[in-house]
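Morning, everyone. Let me put the structure up, and then we'll go through some aromatic rings and a pair of helices.

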Amino acid sequence: MDDIAIATKNQAVIGEKVKAFRAARRMSLRALGDATGTTASFLSQLERGLSGVNISTLMRIAGALGISLTDLFDDASPPVGRVLRKDERPALPPAEGYRKMLLSRRPIRDMEVYIGEFDPGGSTGEKPYSHGDSQELFFVIRGEVELTLGEERHMLSSGDSIEYPSSVPHKTVNIGTETAEVIWMIAPPTSVADDLDQYLPRPGS
């Protein structure tokens, strides 16, 4: 697809979709501009269908919104119920003692949800991590884990949950003797396309 086609036939549709995905993520025009090397003024015109856009810029916009380029050209409305079977869950490459899978179907719209499994002693890594500035809900399905949240440490068991800003550095460790299973729910989404592209179909699925 060339730039002329984008600038004419599809620019109004693309602009509406960019605006919808940006609004779902509570991302300002300035923030999206900073993430894509464009400006708030340009993006405002794009969203209103007043400006065309080339493929390279559109790819950067899609990446910053955590979607694929094709999501901006798909005219079909998403189904009301999008089933994801257990054996179809996209997963990160397994780390020692830790497995993380994506429960939200792409394109991710208003929230993203992940499920994680930790072997005894398994963790999300040596150091706490943070991402974006959204609300994150952490829920323990089974097992016993320690959640480090900034300077705080919380011991959580099956059925416990905690909510915190995703901008606060956090880390999870299985402190129990059995496999622990947890869920993370983040709204609005914070992952960009490069993050989500790491989640791949598991072998044999």
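Start with Y199, which counts as buried at 11% relative accessibility. Buried means under 20% relative accessible area, exposed means over 50%, and partly exposed is in between, with a 1.4 Å probe and protein chains only. Keep in mind that this is a predicted model: local features need pLDDT of at least 70, side-chain atom pairs count only at pLDDT 80 or more, and totals for chains, interfaces and linings use all residues. Residues are numbered from 1 along each chain as its sequence is written, and side-chain values use heavy atoms, with hydrogens and water left out.

Now the ring pairs. The structure holds four aromatic pairs. Rings of Phe, Tyr and Trp (its six-membered ring) pair if their centres lie within 6.5 Å; planes under 30 degrees apart are stacked, over 60 edge-to-face, and the rest tilted. Y199 pairs with Y114: the centres are 5.4 Å apart and the planes sit at 40°, so this pair is tilted. Y114 is in strand β2, residues 112-118, while Y199 is in the segment after α6 (193-196), so the pair ties together parts 85 residues apart in sequence. Helices (H or I, at least four residues) and strands (E, at least two) are DSSP runs, numbered from the N terminus. Y114 is buried too, at 3% relative accessibility.

What lies over the face of Y114? K100 does, at 4.7 Å from the ring centre. K100 also lies over the face of W184, at 4.7 Å from that ring centre. The cut-off: NZ of Lys or CZ of Arg within 6 Å of the ring centre and within 35 degrees of the ring normal. W184 belongs to a cluster linked by ring pairs, with Y98, F118 and F138.

On to the helices. α3 (residues 29-36) packs against α4 (residues 40-47) at about 110°, axes 8 Å apart. That makes α3 roughly perpendicular to α4. Under 35 degrees is roughly parallel, over 145 roughly antiparallel, 65 to 115 roughly perpendicular, the rest oblique. Axes are lines fitted to C-alpha atoms, for helices over the stretch in contact, and angles run from 0 to 180 degrees between N-to-C directions.

Who meets whom? L29, R30, L32 and G33 in α3 meet A40, L43, S44 and E47 in α4. Contact means heavy atoms within 4.5 Å.

Last, L29. L29 is partly exposed, at 21% relative accessible area. Beyond four places in sequence, L29 touches R22, A40, L43, S44 and E47. The C-alpha atoms of L29 and S44 are 7.1 Å apart, across 15 residues of chain.
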